[in-house]
Amino acid sequence: MTTVASGTGAGPLLRGWRERRRISQLELAMRADSSARHISFIETGRSRPSAEMILRLAEHLDVPVRERNALLLAAGYAPRYAETALDDPAMGALREGMERLLQGYEPYPAVVVDGTYTVVAANRGITMLLEGLPEHLLTPPLNAMRITLHPEGLSSRIRNLREWRGHLLTQMEREIALARSEPLRELYDEVAAYPLPEIPEITKTTETGAGPEDREDPTPYPYFALPLQIEHDGRVLSFVSSISTFNTPLDVTVAELAIETFLPAEPATAKYLQSLTP
């Protein structure tokens, strides 16, 4: 587990989260139906907060579930949130639901990752994009960021790599600022240091999607979000991605899961993927 401030006890940890969120003691007190004096006493260790107060403050400070357990432990209380392995029988309904979601999204790519981008489930659309990658990148546990940004990975096929790489690194920076995860920071330092491969620029609209014979309009499509433009089997497919998480998670494992789906950004990409469906 990680901490966000020096010192022992829940008080310094709560102060660290409050300062990171740039919230004053008075504002936090108003949100949590308390007083600035009480918040000050908690942060300085003059008052020992109840477990319920810790969780209430953590909720208003948007503290990740894993770190809420750390706050409770620092205050002398038992952790409130379990961390159940995905292969535990208790997670059967969750696994089945994710598998149905991934399969239902086919032929479009979709993947489930944990808090450090380890792939925990993926559909055949993702498998298609990974075809031909070196074995050392596909040896479990697979890491989505490593596979995407490694010079021998998908980065050599991504035609707008600089833009997409910038998007991914910015996304990781936001998550590190939120969760203060040391493993995530180590992953960020690794993938940010990868050299950029030489990628040919897209010069003709007929190079994208399902090929020139399938494009209904020779002009580029206006994208409504930054697309992932990736080459596959001599074609450049265009996707926009969406990330979903679980509402009000009560388990650390579930709280750190994210489902990323890739929606075709143009008709030719959708038509090509649908043509691959048996």
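Begin by selecting helix α13, in which Ala268, Thr269, Ala270, Tyr272 and Leu273 are buried. The coordinates on screen are those of a predicted model, and the tour should be read with that in mind. If you now display the surroundings of α13, you will find that its buried residues pack against α7 (124-129), β3, β4 and β5.

**The sheet**

Next, select the strands that make up the open sheet, which has five of them in the order β2-β1-β5-β4-β3, with antiparallel pairing. The edges are formed by β2 (119-122) and β3 (228-232), each of which pairs on one side only. Looking across the sheet, you will see neighbouring strands turned by 30° against each other on average, direction ignored.

**Strand β1 and its two partners**

Now select β1, residues 110-113, which is joined by four bridges to the antiparallel strand β5, residues 258-264. Three bridges join β1 to β2, and these two strands likewise run antiparallel.

Follow the chain from β1 into β2 and you pass through a hairpin with five residues between the strands, where Tyr117, in the turn, has a positive phi of about 65°.

**From Tyr117 into the cores**

Stay on Tyr117 and show what surrounds this residue: leaving aside neighbours within four places in sequence, Tyr117 is in contact with residues including Leu142, Met145, Met172, Glu175, Leu184 and Leu187. Tyr117 also belongs to the largest nonpolar core, which has 48 residues, and is listed with Met172, Val191 and Ile230 as having the most contacts inside it. The largest share of this core, six residues, comes from helix α10, residues 161-179. A second, separate core of 24 residues includes Leu28, Ile39, Ile54 and Leu72.

**Histidine on an edge strand**

Return to the sheet and select His232, which is found in strand β3. Is His232 buried or exposed? With a relative accessibility of 9%, His232 counts as buried, because the cut-off for that class is under 20%. The side chain of His232 makes polar contacts with the side chains of Glu131, at 3.5 Å, and of Tyr272, at 3.1 Å. Not counting residues up to four places away in sequence, His232 touches Met128, Glu131, Leu237 and Tyr272, and Tyr272 is one of the buried residues of α13 with which the tour opened.

For the last stop, select helix α5, residues 65-74, which is mostly covered, with seven of its 10 residues buried. The buried residues are Val65, Glu67, Arg68, Asn69, Ala70, Leu71 and Leu72, and of these Leu72 is included in the second core. What covers them includes α1 (10-21), α4 (51-60), α10 and α12 (252-255). Beyond the helix, move on to Gly76, which follows α5 and has a positive phi, near 90°.

Definitions and conventions. Residues are numbered from 1 along each chain as its sequence is written. This is a predicted model: local features need pLDDT of at least 70, side-chain atom pairs count only at pLDDT 80 or more; totals for chains, interfaces and linings use all residues. Side-chain values use heavy atoms; hydrogens and water are left out. Two strands pair if DSSP finds at least two bridges between them. Axes are lines fitted to C-alpha atoms, for helices over the stretch in contact, and angles run from 0 to 180 degrees between N-to-C directions. Buried means under 20% relative accessible area, exposed over 50%, partly exposed in between (1.4 Å probe, protein chains only). A polar contact is a pair of N or O atoms within 3.5 Å; within protein, one must be able to donate a hydrogen and the other to accept it, and residues adjacent in sequence count only if both atoms are side-chain atoms. Contact means heavy atoms within 4.5 Å. A nonpolar core is a set of buried Ala, Val, Leu, Ile, Met, Phe, Trp, Tyr and Cys residues joined through side-chain atoms within 4.5 Å.
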